[in-house]
Amino acid sequence: MNVFIISGTSGAGKSVVIRALEDAGFNCIDNLPVNLLENLILGLDPIKNHLVAIAIDGRQGNSIQDLPSIIAKLKTKYEITVLFLDASTTTLVNRFSETRRRHPLSIQVNNQSEYSLIEAINLERELLSSMSSIGHHIDTTNLSSNTLKLWVKDFVQEKIQGLTLLFESFGYKHGIPQDVDLIFDMRCIPNPFYENSLRHLTGNDEAVKEFLNSHSEFVDLKKDIYDFLYRWIPKYQIDGRSYLTIGIGCTGGQHRSVAMVNELYKECLQSSEEIFKSMAILKRHRELNHHLKVSQDNK
């Protein structure tokens with residue numbers, strides 16, 4: 001039985017993820033109390049419930065802090081994947097303002113005290129602090145609902161075990177993604193944007209790729225990043241990491257970072273080195289709105 005636990009801040013997209021998983025064939029349960037999780041999973045028929053998704057968030061109050069230990073216990077019997085969604089405070093405020101919905105923690109029933117929207121967001125982040133580090137972190141700040149659905153559907157399309165290596169391109173002018181573990185800066189590389197024939201293209205286009213590979217800085221940096229990953233990924237595996245997200249940034253997230261992500265993804269995917277063969281390798285381009293690509297050759 002494959003169980004996905006969905007958590008994160010209110011307004012970050014948990015409902016979108018639940019709907020996407022429902023469309024992918026999961027049996028979904030929203031807003032489950034923490035103290036019911038273990039008995040629920042133990043009571044499910046694994047044949048009829050091969051794919052299960054459960055959303056648990058800060059509305060459960062302090063009991064959410066017990067969730068990591070419950071999940072650790074369940075992992076001894078089941079395959080548990082945790083997805084944690086978050087977005088910048090500004091984005092969350094804008095989303096609540098657009099929908100005119102009240103934050104679920106804005107009113108505390110016991111003492112009838114009322115929190116401002118930002119106070120409620122900060123309170124929820126504090127309650128969820130123990131959850132944010134045990135799962136795959138997805139920053140939805142710059143994602144549309146449709147893009148998030150595509151990423152999630154592709155993420156669960158294959159059974160992913162061990163360490164998952166994810167390359168993500170982004171533009172610094174749109175902010176650094178919150179879900180990256182390591183960041184490499186491409187802004188020191190010659191910029192195709194200043195070539196009139198390349199400005200309207202992206203790093204997915206062959207002309208941009210040829211332009212960048214004609215510069216030794218791009219080729220050398222690609223080799224340095226690959227060598228860095230080859231040396232240090234085993235340390236992350238020993239540390240028990242399930243996911244390692246590599247952020248590759250340039251100014252706008254259109255040319256250099258996209259091309260570098262594509263090159264590193266291809267190089268690691270085709271590598272003969274055992275460390276790359278034993279993991280799932282994924283890529284996504286935040287500013288291009290492309291959905292997550294999952295290796296079809298994971299071993």
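A salt bridge here is a side-chain nitrogen of Lys or Arg within 4 Å of a carboxyl oxygen of Asp or Glu. The exercises below concern a predicted model.

**Exercise 1.** Decide how far apart in sequence the parts tied together by Glu38 and Lys73 are.

Solution. The closest N and O atoms of Glu38 and Lys73 are 2.9 Å apart, and the pair forms a salt bridge. Glu38 belongs to helix H2 (residues 37–43) and Lys73 to helix H3 (residues 67–74), so the parts tied together are 35 residues apart in sequence. Glu38 has a relative accessibility of 23% and counts as partly exposed.

**Exercise 2.** Classify Asp86 as buried or exposed, and do likewise for its partner Arg125.

Solution. Arg125 and Asp86 form a salt bridge, with 3.2 Å between the closest N and O atoms. Arg125 is in helix H5 (residues 117–127) and Asp86 in strand E4 (residues 79–86), 39 residues apart. Buried means under 20% relative accessible area. Asp86, at 7%, is therefore buried. Arg125, with a relative accessible area of 23%, is partly exposed.

**Exercise 3.** Describe how helices H1 and H6 pack.

Solution. Helix H1 (residues 14–23) meets helix H6 (residues 145–155) at an angle of about 50°, and their axes are 9 Å apart. The two helices are therefore oblique to each other. Their crossing is right-handed. On the H1 side the contact involves Val16, Val17, Ala20, Leu21 and Asp23; on the H6 side, Ser145, Leu148, Lys149, Val152 and Lys153. These contact residues comprise six nonpolar, one polar and three charged.

Conventions:
Residues numbered from 1 in each chain as written. Predicted model: local features only at pLDDT ≥ 70, side-chain atom pairs only at ≥ 80, totals over all residues. Heavy atoms only, no water. Axes fitted to C-alpha atoms, helices over the stretch in contact; angles between N-to-C directions. Helix = DSSP H or I, 4+ residues; strand = E, 2+ residues; numbered from the N terminus. Parallel < 35°, antiparallel > 145°, perpendicular 65-115°, else oblique. Left-handed = near helix turned anticlockwise from the far one by under 90°. Contact = heavy atoms within 4.5 Å. Nonpolar A, V, L, I, M, F, W, Y, C, P; charged D, E, K, R; others polar. Buried < 20%, exposed > 50% of the residue type's maximum accessible area, 1.4 Å probe, protein only.
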